[in-house]
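The sequence and structure are shown first.

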Amino acid sequence: MTEDNQSLTTEFILIGFTDHPELKTLLFQVFFTIYLITMVGNLGLVALIVTEHRLHTSMYIFLGNLALMDSCCSCAITPKILQNLFSKDRMISLHECMAQFYFLCLAETTDCFLLAAMAYDRYVAICKPLQYHTMMSKKLCIQMTTGAYIAGNIHPMIEVGLLFRLNFCKSHQINHFLCDVLPLYRLSCVDPYINELMIFIFAGSVLVFTITTVIISYLFILFTIFKMKSKEGKGKALSTCASHFLSVSIFYGSLLFMYVRPNSVNDEDKDIPVAIFYTLVIPLLNPFIYSLRNKEVINAMKKIMKNL
């Protein structure tokens with residue numbers, strides 16, 4: 001083993017995008033536009049929910065926190081992408097790398113629990129409408145939101161702590177545009193089996209619990225909708241759930257494909273396209289998914305526009 005390979009890596013080079021100058025300019029414009037729209041859309045939605053008293057219900061509290069986490073995800077990833085597109089070295093230190101992964105994992109984990117909470121909220125609203133205000137009290141809403149943030153912080157703390165047990169001496173080039181666990185495992189000269197086992201246990205537990213909550217909630221919702229005699233009632237109930245179900249399907253689908261697909265640690269060809277989708281595209285789409293077909297949000301926006 002050469003001297004370079006024996007020395008431990010404390011800095012990495014992110015080589016996830018092209019070196020072609022013309023494509024770099026185009027990618028910068030695309031990612032900057034996505035970043036700008038994402039931040040305006042999500043933070044605007046948060047501001048709208050905070051200022052409009054009619055939106056101070058559990059569903060919109062969950063939605064506001066989801067938008068906040070989407071902003072956190074975008075802030076953790078996109079500025080470094082924009083910097084590296086025109087940076088000569090494209091370097092990121094080990095601690096910057098760990099911090100980036102921490103906030104990415106925080107956003108993803110918290111989103112999982114918030115989406116599960118939103119599914120339960122829709123279940124109560126459609127299946128038990130007369131008990132909605134009792135079952136979805138402000139106290140329970142705060143507890144569920146707080147629990148999402150606690151779980152969202154515990155999971156990345158464990159993952160980042162385990163990453164520090166690895167020594168990176170194989171290479172200092174990460175074939176990605178961000179610091180994610182899978183490309184880091186490939187660079188480790190220490191067997192990452194324990195890390196892979198722990199991420200399987202913790203990430204798997206988060207996904208199983210939250211996906212099960214979503215599936216059970218929507219099964220009860222569908223049974224209730226099928227029992228409705230009124231077509232208008234069925235249409236209203238389906239419209240209420242459509243935005244959330246679409247967001248859940250896109251989010252969980254991309255996460256499962258990224259981390260649970262067979263041989264995901266060694267298969268790096270699909271990392272970048274899938275990562276672009278769940279780190280950049282989903283935070284961009286969520287404000288529009290939840291706003292464009294939501295009459296309460298649209299009415300609140302119209303009210304604010306009239307007062308300007």
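**Helix α2**

Helix α2 (residues 21-51) has 31 residues and, at 1.5 Å a residue, should span 45 Å; its end C-alpha atoms are 44 Å apart, which agrees. The expected span is 1.5 Å times one less than the number of residues, and helices are DSSP runs (H or I, at least four residues) numbered from the N terminus. The model is predicted: local features need pLDDT of at least 70, side-chain atom pairs count only at pLDDT 80 or more, and totals for chains, interfaces and linings use all residues. Residues are numbered from 1 along each chain as its sequence is written, and side-chain values use heavy atoms, without hydrogens and water.

Buried residues (under 20% relative accessible area, 1.4 Å probe, protein chains only) of α2 include Phe31, Ile34, Tyr35, Leu45 and Ile49.

**Packing of α2 with α3**

The axes of α2 and helix α3 (residues 58-85) come within 9 Å and cross at roughly 155°. Axes are lines fitted to C-alpha atoms over the stretch in contact, with angles from 0 to 180 degrees between N-to-C directions. The two helices, α2 and α3, are therefore roughly antiparallel (over 145 degrees).

The 26 residues of helix α6 (residues 138-163) should span 38 Å at 1.5 Å a residue, and the end C-alpha atoms are 38 Å apart, in agreement. Among the buried residues of α6 are Cys141, Gly152, His155 and Pro156.

The axes of α6 and α8 are 10 Å apart, at an angle of about 175°. Hence α6 and α8 are also roughly antiparallel to each other.

How values were computed
Buried means under 20% relative accessible area, exposed over 50%, partly exposed in between (1.4 Å probe, protein chains only). Angles under 35 degrees count as roughly parallel, over 145 as roughly antiparallel, 65 to 115 as roughly perpendicular and the rest as oblique.
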